[in-house]
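Dear colleague,

My notes on it come directly after.

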Amino acid sequence: MPECAVPGHESNARPWFVAVLVISALVWAYLLVGLRAGVPGLLDDVWEYGVSARHLLAGHGFRTSVIHPPLWSLRDAALTVPILVHGPLLPVLLAPLLALFGAGALDHIAWLAAAFALSTAVVLFRLGTRHFGPAVGAAAALLYTLSPLTVANVCHDVSVSTGGLLLLLTLDLLARERTRQAARCTRR
């Protein structure tokens, strides 16, 4: 039995999964291409992630020249501070993109956020299908995709989509382990 299937639902999970993929992809394509809603705003945190990624590429380590007022006393001679406010994950993810595509990569960061949101919808579908069936999995994935918070975060802050994906992957792994333990207990 596939790992994302609930007993009795194996045969009808695939059409639901395809529907979730197609609808989610169309939503992000419409928002990012049709409406051009993915250009970062002047106050979005994306720019700070980019500054921190450039410091990484320059060999300065996890430092940033974007200094938030409470951190002003931590500045060094080069007027940088350690990455304390937003953390190092996104600068590490963005550094290769900046190295390959230049600073213009930040203008298209919403595509990375959309990829994370699409991946989150896939994991959410699998998790919901495993426990409640494909209709519930599809509903959960599509509600996540169409949520105004998800749409706003994909268009303005890649960190929320990244965190959502990592959280769902963690929950998926925990649910799988619990399922394996339950299967072992029933075999004994």
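The model is predicted, so local features need pLDDT of at least 70 and side-chain atom pairs count only at pLDDT 80 or more, while totals for chains, interfaces and linings use all residues. Residues are numbered from 1 along each chain as its sequence is written, and side-chain values use heavy atoms, with hydrogens and water left out.

Helix H2 covers residues 46–57 (helices are DSSP runs of H or I with at least four residues, numbered from the N terminus). Its 12 residues reach 16 Å from first to last C-alpha, close to the 16 Å expected at 1.5 Å a residue (the expected span is 1.5 Å times one less than the number of residues). Among the buried residues of H2 are Val-46, Glu-48 and His-55 (buried means under 20% relative accessible area, exposed over 50%, partly exposed in between, with a 1.4 Å probe and protein chains only). Gly-59, with a positive phi near 85°, follows H2.

The axes of H2 and H3 (residues 89–101) come within 8 Å and cross at roughly 70° (axes are lines fitted to C-alpha atoms over the stretch in contact, and angles run from 0 to 180 degrees between N-to-C directions). H2 is therefore roughly perpendicular to H3 (65 to 115 degrees). Residues of H2 including Tyr-49 and Leu-56 meet residues of H3 including Leu-90 and Leu-98 (contact means heavy atoms within 4.5 Å).

Ala-19 lies in helix H1, residues 13–34, and is partly exposed, at 30% relative accessible area. Ala-19 and Ala-138 are 119 residues apart in sequence and 8.0 Å apart in space, C-alpha to C-alpha.

Yours sincerely

Conventions:
Helix = DSSP H or I, 4+ residues; strand = E, 2+ residues; numbered from the N terminus. Parallel < 35°, antiparallel > 145°, perpendicular 65-115°, else oblique.
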